[in-house]
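Please open the structure in a viewer and keep the selection tool at hand.

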Amino acid sequence: MTETPLLSIRDLKTYFYTYEGVVKALEATSFDIWKGETFGLIGETGCGKSVTALSVMQLIPQPPGRIMSGSILFNGVDLLKEPEKTLQQLRGCAISMIFQEPMTALNPVYNIGRQIAEVILLHKDLTEVPQKNTRNPITHRRIQRARKKRAFEKAIEALDMVKISDPKKVARQYPHELSGGMRQRAMIAMMLACDPDLLIADEPTTALDVTVQAQILDLMKELQHRKGTAIWLITHNLGVIAEMCDRVGVMYAGYIVEIGKTEKIFENPDHPYTRGLLRSIPLIMEERQRLEIIPGSVPNLITPPEGCRFHPRCKYQMDICKTCAPPLVEVEPDHCVACHRFADVKYSVVGEEEKHG
Amino acid sequence: MERSSVRSMKACAIALLICAVLLMTSLSGCVQQNQTTIKNPTTYVRYDIGEPKTLDPAEAYDSASCDIVNNMYDRLVTYHGNDTLHIYPSLALNWTVASDQLTWTFHLRHDVLFSNGDPMNATDVKYSFNRVITVNSPDSSVAWILEQCMNLNSTTIIDPYTVQIKLTNTYGGFLALLAFSVASIVDMKTVEANGGIVANTDNEWMKENGVGTGPYQLDHWTHNSEVVLAKNLNYWGGWSGQHVDTVVVKSADEASTRILALENGDADFAYIPYGNLVDINNKTGLFTVQEPSYNVVLGLFDTVSSNKFMADKEVRRALSYAFNYQSAIDDAFNSYLYRLPGCIPKGMPYYNTQNNGTSVYNYNLAMADQILNQSGYLRDFNFKGTYYRFNNTAIRLWYNSGNAERQKMALSFQQALTDLGINSIVSTEGWPQYLNRMYHTNEWDFMFLGWMPDYNDPDDYIAPFVGSAANGGDTFHTGWANASVDSYINQGKYTVDPTARAAAYTAAFNIYINDPSMIFIGQETYTRGMRTWLHGYSYNPVLEYYYYDYYKA
Amino acid sequence: MKTWEYIVRRLILLIPVIIGVTIITFTVSHVIPADPARAFAGGPKAQPEAIAHIRAELHLDEPLWKQYFFYLNDLIHLNLGKSYLENRPVLESLRDYFPATFELTMVAMLIAVPLGIIGGIISAIKQNKISDHFSRIIAIVGYSLPIFWLALMLQYLFAYLVPILPLEGRLSVGMVPPTTITGFYVIDSILTGNVATLSSSLLHLILPAFTLGFSTLAIILRMTRSSMLEVMSADYIRTARAKGVPERKVIYQHGLRNALIPTLTVIGLQFGALLSGAVLTETIFNWPGMGRFAANAVLGLDFNSVMGFTLIVAIIYVIANLIVDLLYAMVDPRVKLGGG
Amino acid sequence: MLHLFRRSLLSMIGLVLILFLIIVALFAPLIASEHPSYVEVQTEQGTTRVEERWEIHFDRKLQSPSLQHLFGTDDYGRDIFSMIVYGSQTSLRICLMVVIISTLAGIILGGLAGYFGGVIDEVLMRITDVFLAIPYLILALAVAAALGRSIDHIMEAMIITWWPSYARLFRGQVLAIREQQYVEAARSVGASNSRILFRHILPNSIAPLIVEITLDLGAVLLVAAGLSFIGLGASPGTAEWGLMISEGRTLMFHAWWYVTFPGLAILFVVLGFNLLGDGLRDVTDPKLRR
């Protein structure tokens, strides 16, 4: 892989300044996403997955949020240094994002078609319609109307693309008139309408029924196939990751703790947290007696633990873990881990089983 | 977040602010310059309270209505300037009276046109008088003024410019009556074209319109705001000399509005409450009109009150001593009040029959205390160490709400009563409730009221004040009646001999003042605020405003 | 349900409201032990015949319930009776005063609504900045000031100390009102092309309309601010931003339309408050409107006028609420007319 | 929550203003330099009531503020400072009585309507419609005119005009909460209506009501002052701020202090209640927090 990654995040640091104190949501997060691939980001709730995505989009509510340092290179351009205007042009066009809550992520007062058409109007040329701004207000208005009409037609096409059965009707419907799955489809249609290079999907299926989940995921896969979009999938559903992703990153308390090819991570997790995470999921295929749980919970990020942020919950902790944050080390090609004791973890399967036995 | 939108918003706000400030300074500059010159030089503007109820002479009875009627219409005779004693010709050039004192002959002016151009002649005169009597305004009943000595057969047309009026009975005030607004001459053609005369029904058109021979005609009337009169180009008196072209009478309820209007020159003339005259006194360009008036202020006793002791004249005498007259004059009326000794106000004939014009009662708590003790009303009820009379029954003092002077007098009276060991309650209520209390209940002991003259005669005071209900008096329902006083009042009314009249009024005074049914508090001073640039104004209590005389310079 | 069907249904609801309103005002104004007939006829000087005439016209000697039915009967025949304080039919008084008050309240609204909404938006998007504090303080002072106090102060400042605005009234001294077409001086002036009365009536509107609208402005500002804050942190705003919508459009197209929904309710309710405020404002600025007329009628126990006024206001209230509900349905597609 | 409140400067100012009002009202006899006397009088209905009376000293009327009379004297020669201090008692009483009684009425009626729905709801809502369709100032004016002039009657008049909005507000709350799962749960385990109303619905719907109440405490004072302005306020001679403003306003050109100090008193108290209410709203409504 000699080409540059599509998205390259380096040492991203995002803090939230709240009344209670400074929430250190992201602390030196780094990873890459390549063109056309599907990258998964997993982790518990509140570990910073969404904050990473929002930081990339620069949609962190400011205040209280603030991106302290780091760089976000998209196609080699540092997004953090670009003016708001450029970012607006990128959002929805080059980078799109689907959100977790299809119930609330659509504007309740506009119909679906209009909301999709808005993206198209913003980012597409619509060459079929003369676009030149004229001084004549009447002509201008007529052109605007024609563009709007064309965008609406395109929106219907987009809805058709996401396999909505009666796109013409749905385009004129309002979000509250649609089911959750339909809304998420509409959302996908909206976000893919401009053929983005990167689609960030933040828990796109969490709020949906299982059957609908599968449909949505299939749809995303299919569209990715057709358009060559890179997908960054954020979820805590390991099943989804396993099914969808080429590579996966594991996040804990603002740090990437492990990153690598999906199969490798799933087969052979090197970080105690990844390991705990994988074992806490019931897998139908494997016949395991009982699920494991990771003791404790995600730490308070205002006063995070010193050193490795996972150490209070870690079975393998040593003194060094309490003082020194472990760097992300490439343990094998395309597999990085941030743990002082990854080697011990790797070979401790038996001992661990014994403990529980 | 995009900053540019917010920034442009801010820029807009600042620009607006700057514009506002610039506008303000530039405008204030030019207004300041104008301040030295006369505002609206050809317009007379008065800010007053209340507004006319009607512009129909056959219905107008309240002063605001009569004011406009007096200037839109002419009468056969009129008053001039501040002279209330003499009556001058107006539409009538001259008149004669037969020896029977009943038959009056009036010779009319020949050159008089109504504001619409119709000529005025004897037909209109007869029509006007008979209209008043036939319409007999159900809303105001003002027709009684003419009906005192006239009926439908009284007026006869001798020739187009001569009218004869035959009175139903002798009446000394007949000419004064003809100067009253009800005797205004209306245009027969106009009235007939707009509803004509319907017996016992007011003419709706005439309420808001009218064609008269007066110096001004109605321009427009915006209810609850202003009545505007414009000059009548047909006026027989002509428009040579100095006059105002337009008259604006505004009704403004709020005193501060009227004061500010007078001070900034919007108003040439304004009604200012006594408490606020200090605001305009000694200010350049402003002048306070001060004239004696016949408006009297009374404190009434209910002699048939449910509080039985009010029936005792000694109690009422004691209360008369407990009222602080000087404080009422100084503090409630800011000295714009003159002490009243009895029913008859100063300036009217027979004023001196009342103890030579000296008050019998003065503020004297020791005397009040002595009278009450002698009459057996001792301080007998102990409430928290204070001893009260009348077994702690409270005397109920009432005034109508919104009347600041009466409120002051009431609260001050209450304090004096407390010192005297009498418990009391001061209460106030709206005018209709107040009237109900006075006329339909006995649940009051003391109330304030005022009285204005209908005509310039002591009989208009003494008969309604202290005459008995049976004798057509007791207008205030005090329940007081005295047969001797009634007979003296009637003597005074029907005698033409001044000495006999004086004797009758003296005798009546000596009775009613020692068995008082009311406290005679005082006689108000007529006060108004005026711009000094207004000229030609003179106060005439009978014809309060005559705009034709006014001009600004 | 079709819109017109809904409107008709809502307008039918007017009838019980009107009956209720008449019953309440009728009872409240008639139980007072008072002698309005004598007051109308001139007080202590009233002629007995005049008093008797008025008592007969008002059926004052009948039992209360009969008086009420006499009133209802007249009302059905669209006869609101006679105003004794004004000495003319109530309908005529209302015809004169309603446009004056309506013009005043509309201009007050025109001042309060845009300024309130803009202030609320600025305050919300600049949360905790100087401009936010500034507009919040304006808002809080706005609904903490006694309205008549504000009126007196404005009068004193702008009509006396720095005399740039007229003191009172609807037009300059002695100016002839424009030909009555609608009764609104501003509109009539435009229709008749009368520039002098137009500018005069606009100038005369400034102080009273501002006084009247100030507290409404404050309330709308506060409401817009809080709902704008709420809306701007909503998910769909994030979606809009993720779509690359420029911030200005995010605020005005996505945020504002949603934030306006609760503000609309407030605006509807404020109509009632404005009519109450009009009582005080009109008294001080000598505005020949319904509020002052109503207050005088209540104090003077001019029953017919009080009843006529409350009737008109009840109708306005119902219609204003209807309009708000219709707007609601227009702004918010989730709202179904006639549902719930 | 409390620390959030403490951080908001405006809310703290509101709290301080209201605490100041309460302290002044409680310790009025210690703060004021002059004191009213209280006299027991019989009313027309035969009951007795205690009337507040201030001594009149015309000899020192309308004196400008001085050390002896901090806020000057009025046109009866009464000490304005003392009257304002004692007036705080009246103001507090008016605010609390009106708001508490109309809230109670609103809670009971609105609660019944919202909880039981159906005919009760329909009838009650139509009744509130009728009340809300009459401008509150005119209704209060009419009621006050019918009852006569005294503070008690003003309070009654305001309660009559105020309860419908509370009934509406509370009904809406109850309607919303009635559908919540914990209420469903309580109903499914057979809790009685009254238990559900008082144990589940009331506590949960009271929070937004409290904000409204705090804001209304100030509004009550303004309406009372408005009624005084039109001429139907407290009985003459009592120390009530609205009455003082309305009596002092005509004299403002030569006695600015007469109207200014009671005006400021009202402004500050209403401001206090509003700031407090705003602060409470920000604290209780998590959506407005960031």
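## First stop: chains D and B

Select chain D together with chain B: 30 residues of chain D and 32 residues of chain B take part in the contact, where contact means heavy atoms within 4.5 Å. This is a predicted model, in which local features need pLDDT of at least 70 and side-chain atom pairs count only at pLDDT 80 or more, while totals for chains, interfaces and linings use all residues; side-chain values use heavy atoms, with hydrogens and water left out. Residues are numbered from 1 along each chain as its sequence is written, and chains are lettered from A and ligands numbered from 1 in the order in which they are written.

Between them, chain D and chain B bury about 2,500 Å², of which 51% lies on carbon and sulfur atoms. Buried area is the accessible area (1.4 Å probe) that two parts lose on being put together, summed over both.

Next, display K61(D) and D331(B), whose side chains meet in a salt bridge at 3.2 Å, N to O. A salt bridge is a side-chain nitrogen of Lys or Arg within 4 Å of a carboxyl oxygen of Asp or Glu. Chain D and chain B have 3 salt bridges between them.

The count of residue pairs in polar contact between chain D and chain B is 13 (both at pLDDT 80 or more). A polar contact is a pair of N or O atoms within 3.5 Å; within protein, one must be able to donate a hydrogen and the other to accept it, and residues adjacent in sequence count only if both atoms are side-chain atoms. Colour strand 1 (37-42) and strand 2 (48-53) of chain D, each of which supplies at least two residues of the side that touches chain B. Strand 1 of chain D gives the largest share of that side, 5 residues. Strands (E, at least two residues) and helices (H or I, at least four) are DSSP runs, numbered from the N terminus.

## Second stop: chains B and C

Move to chain B and chain C, where 65 residues of chain B and 62 residues of chain C form the contact. The two chains bury about 5,100 Å² between them, with 57% of it on carbon and sulfur atoms.

Select D139(B) and K82(C), a salt bridge with its closest N and O atoms 2.4 Å apart. Chain B and chain C share 4 salt bridges, and 22 residue pairs are in polar contact between them (both at pLDDT 80 or more). Then highlight helix 1 (residues 3-34) of chain B, which gives the most to the side of chain B that touches chain C, with 10 residues.

Centre the view on N286(C), in the loop between helix 12 (247-284) and helix 13 (290-300) of chain C. Is N286(C) buried or exposed? N286(C) counts as buried because its relative accessibility is 0%; buried means under 20% relative accessible area, exposed over 50%, and partly exposed in between (1.4 Å probe, protein chains only).

Show the side chains around N286(C): that of E168(C) is joined to it by a polar contact of 2.7 Å, and that of R292(C) by one of 3.0 Å. Leaving aside neighbours within four places in sequence, the contacts of N286(C) also include N224(B), S251(B), A252(B) and D253(B).
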